[in-house]
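I opened this one to get my bearings. These are my notes on what I looked up.

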Amino acid sequence: MISDEIAKAIYDSLPTDEKLKLALYNDFGEEAQTVYDFIKSPVKESEEVNVTVQPVHIPGEVLTTDGVYYLYEDGTSEMFDYQKRNAPTKTVQRIGVVMGSHALAVNLEDYPERPLINQKDKTNYAGYISECEDAVADWNGKVNIEHIKSIGTGIELKDDEWIPSVAELYLIYLNKRSINAAIELCGGSRIKDVWYWTSTEVSAAYAWYLGLSSGFLGWHAKMSNSGYIRAVAAFH
């Protein structure tokens, strides 16, 4: 019986085709020659060849991979790596966050503390959400803000911005560590460990807020309580 070292030396000296045959024999036994002939046969032009291509991250391309992104003013994006703390390469407009089918673009600064509305809500609104279980499933911040604007608010949001709903603010909270790290690297202000307004309304008098230090969800009177707002926009 030859030693393992000699066997390895013999194997290493074999031509590539012979090594392939040995590997196929181990897997296919008597069918190894048939498989070998198929692999080595020339491909005809009429035959379709399926090639699996792994996705490549092209710099500046918006991806759907979960994570945090720099969203640049020129419309391009770059993924942020929390471990490497990669600095932005261009002027950042917002910070993007993606989780599953949900994505948001987060502003670099807060709006100052203030009430959510500046006059009483006298509308007969059908979109109030009074149950916590329903509020945490509300992803409709862009719709909610239209009602808040119709009541009257002193928060001067830009045309493409809205106040995040409860679910949208939880998305930010779940990724707050990475979002804050990216914000700091591009000169913005960290999301504070305080409570923030959401655009999910409980009733004519109250709206939900989320504590971004503990994840506590509660509600405050919309006219008489002042809270921070971290506006968001669509992640394009």
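**Ground rules.** I'm working with a predicted model, where local features need pLDDT of at least 70, side-chain atom pairs count only at pLDDT 80 or more, and totals for chains, interfaces and linings use all residues. Residues are numbered from 1 along each chain as its sequence is written, and side-chain values use heavy atoms, with hydrogens and water left out.

**Asp-121.** I found Asp-121 in the loop between strand 5 (111–114) and helix 4 (132–135). Helices (H or I, at least four residues) and strands (E, at least two) are DSSP runs, numbered from the N terminus. Is Asp-121 buried or exposed? Asp-121 counts as buried because its relative accessibility is 9%; buried means under 20% relative accessible area, exposed over 50%, and partly exposed in between (1.4 Å probe, protein chains only).

Next I checked its neighbours. Leaving out residues up to four places away in sequence, Asp-121 touches Tyr-128, His-147, Ile-151, Glu-201, Ser-203, Ala-204 and Lys-222 (contact means heavy atoms within 4.5 Å). Ser-203 is 82 residues away along the chain, yet its C-alpha sits 8.9 Å from that of Asp-121. The Asp-121 side chain makes a polar contact with that of Thr-123 at 2.6 Å and another with that of Tyr-128 at 2.5 Å. A polar contact is a pair of N or O atoms within 3.5 Å; within protein, one must be able to donate a hydrogen and the other to accept it, and residues adjacent in sequence count only if both atoms are side-chain atoms.

**Helix 7.** In this helix (residues 176–185) I noted Lys-176, Ile-179, Asn-180, Ala-181, Ala-182 and Ile-183 as buried. Their cover includes strand 1 (67–72), strand 2 (77–80), strand 3 (92–99) and helix 6 (166–174). Gly-187 follows helix 7, with a positive phi near 90°.

**Rings.** Rings of Phe, Tyr and Trp (its six-membered ring) pair if their centres lie within 6.5 Å; planes under 30 degrees apart count as stacked, over 60 as edge-to-face and the rest as tilted. That rule gives 10 aromatic pairs. Trp-195 and Trp-197 have ring centres 5.1 Å apart and planes at 85°, so I logged them as edge-to-face. Trp-195 is partly exposed at 22%, while Trp-197 is buried at 1%.
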